[in-house]
Amino acid sequence: MIKVENLTKRYAGHTAIKDLSFEVGKGEIVGFLGPNGAGKSTTMRILSSFMPPTAGRASIAGFDIFEQSLQARAHLGYMPENVPLYGDMRVTEYLDYRAALKGVPHRRIAERVGDVKELCGLKDVERKLIGALSKGYRQRVGLADALVHEPDLLILDEPTSGLDPNQIRQVRELIKNLGKQHTILLSTHILPEVEMTCSRVIIINKGRIEASDTPENLLAEIRTAGGVLLEAKVGSDNGAEELKKITGVRDVATAADGEWQTFSLRVESGADVREEVFQLAAARRWSVRELSQRRATLEDVFVELTHADDA
Amino acid sequence: MRKFFTLLGREVRSYFYSPIAYVVLVFFLVVSGADFYLQLSFMNGKPVGYSVQEAFFNSVFFWFAFVLIFPLITMRLFAEEFKLGTIEPLMTAPVRDWQVVLSKFFGALVFYITIWIPTVLYFAIFQWVTKQPAANSLGAYFGAYLMLFLLGMFYLSIGCLASVLTKNQIVAAIISFCAITLLFFLGLVSFILLDVSSTTRQLLGYFSAIEQMGTLSRGEIDTRPMVLYTSMTIVMLFLTHQVFQSRKWRL
């Protein structure tokens, strides 16, 4: 559905994306992750034909974004970051206008606009001025706009930024449902969201792809796959030294709270050392009030991949 | 073509959503009404060698209001879209650059024509009250409104170009105001500087909107301004289109 080959974009003075290549297949929901300024929006803007790349090529639904820009745009529903809208139009009026602009046949406009208003929960505000809507509703108008011409592909630039937790949950549900019929490329900073909705994740940093895989595989691959937390009274023993002797433990961080000490154990990938920790504590007669395993999250993957250079 | 009309529809409606439209309309009604009233009072006192209609279209009042309205009409066309970022959803929809440029120009032209509709009423009322025609012939009306249309078209296209150059509406207004006033006063040079050579004076005369209006509002349909302003409008719109396209490479 999307094919990107060696895409490069240079602005005056700096390179936003370098030699980016990836593909998105039909029916995939792909999360596009990266720190601010990594080149996410730039890539999306190039894919939506808003600006041309400096080098490289890309195609949408088989149409080259530069040579056959109009056809590519017709197959694409794009929601820009911050969702710029005409504040002086009413919701229905705006969607009617956008539908006509995107080539929805005249007799189908009312039906399509009705459908997307229903889908995006805009029925209550359909007669309001867009300028008077809250951020959450504006975001939904943007999404309805992206959907109105039944595109094969949706590109959503931070669809949940600036929303409250309830709204984020609603948008997430909406995207999950849309994923059944559409191919979706979305960028976000909210990582749990990606774990829940996306079938694949592309992490970019400083204009380059750092990783591209399913969330599960990324989690499995990461070296610090979670860890174990132990909270215990160790008396005069040096708890950290003892714990480090357990095979599979890479590192131990200690924090004290009066007599109680908290040990955060980083372990080798795939290792589960909880039993050994328990045996050690039992042998040394430490009082234990917590022993738990912390699962690695996409956040750990993200931090590891995008902070590698700084460390 | 359908997309062009969709865009045009939005452009025209957006004028009437914004307060600028009503400010311009009211300002223009006040000034043109005052112009009409003053011309009539003046003519009431003594016999003159021109018609009410000629007096109306050739007064200082009229030109003053005329030159001021163009920056107000055109400043927001592109600048506002750039500022609000709405250019992004607009240009990622399957529309061509020239469709956007032309829809904005014709949207402004439709609004400009709307402004002039009330002035037709002035002459109708005059005729109804005094039982006398306000102009010497129908051709005089035609000539005057043709001149308004031609000059308006040209000045609006200058405004389009000014607006596409910046994302600040005030800057756009200042650029178009300076360009239009400069062009307009170029035609006045021959009145002010008495010692310019007759060739220069004649050349400037060709560009003088005031002289052209004098001719056309008498009912002499001169084709030279038609060619001049139509071709200049096309040049300005072409430049606007070029600048609009080049924005992609400047991003």
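Trainee: Two residues are in contact if their C-beta atoms, placed from the backbone, lie within 7 Å; on that basis, which residues does L229(A) touch?

Mentor: Leaving aside residues up to four places away in sequence, L229(A) touches S264(A), E290(A), S292(A) and R294(A). Keep in mind that this is a predicted model, in which local features need pLDDT of at least 70 and side-chain atom pairs count only at pLDDT 80 or more, while totals for chains, interfaces and linings use all residues. Residues are numbered from 1 along each chain as its sequence is written, and chains are lettered from A and ligands numbered from 1 in the order in which they are written.

Trainee: How far apart are L229(A) and V252(A) in space?

Mentor: Their C-alpha atoms are 9.7 Å apart, and 23 residues separate them in sequence.

Trainee: Stepping back, how many helices and strands does chain A have?

Mentor: Chain A has 11 helices and 14 strands. Its radius of gyration is 24 Å, well over the 19 Å that the globule rule gives for 311 residues, so chain A is more spread out than a compact globule; the radius is taken over C-alpha atoms, and the rule is 2.2 Å times the number of residues to the power 0.38. The C-alpha trace of chain A spans about 80 × 45 × 35 Å along its principal axes, and 40% of the 311 residues are buried.

Trainee: What does helix 7 of chain B reach from its first C-alpha to its last?

Mentor: Helix 7 (residues 97-130) has 34 residues and reaches 52 Å, close to the 50 Å expected, the expected span being 1.5 Å times one less than the number of residues. Its buried residues include V100(B), F105(B), G107(B), F111(B) and T119(B). Just after the helix, K131(B) takes a positive phi of about 55°.

Trainee: How do helix 1 and helix 7 of chain B cross?

Mentor: The axes of helix 1 (residues 2-17) and helix 7 come within 8 Å and cross at roughly 40°, where axes are lines fitted to C-alpha atoms, for helices over the stretch in contact, and angles run from 0 to 180 degrees between N-to-C directions. That makes helix 1 of chain B oblique to helix 7 of chain B, since angles under 35 degrees count as roughly parallel, over 145 as roughly antiparallel, 65 to 115 as roughly perpendicular and the rest as oblique. Among the residues making this contact are F4(B) and L8(B) of helix 1 and V100(B) and F111(B) of helix 7.

Trainee: How many residues does each chain give to the contact between chain B and chain A?

Mentor: The contact takes 19 residues from chain B and 21 residues from chain A. On the side of chain B that touches chain A, helix 1 gives the most, with 5 residues.

Methods
Helices (H or I, at least four residues) and strands (E, at least two) are DSSP runs, numbered from the N terminus. A residue is buried if 20 or more other C-beta atoms lie within 10 Å of its own, exposed if 12 or fewer, and partly exposed in between; C-beta atoms are placed from the backbone.
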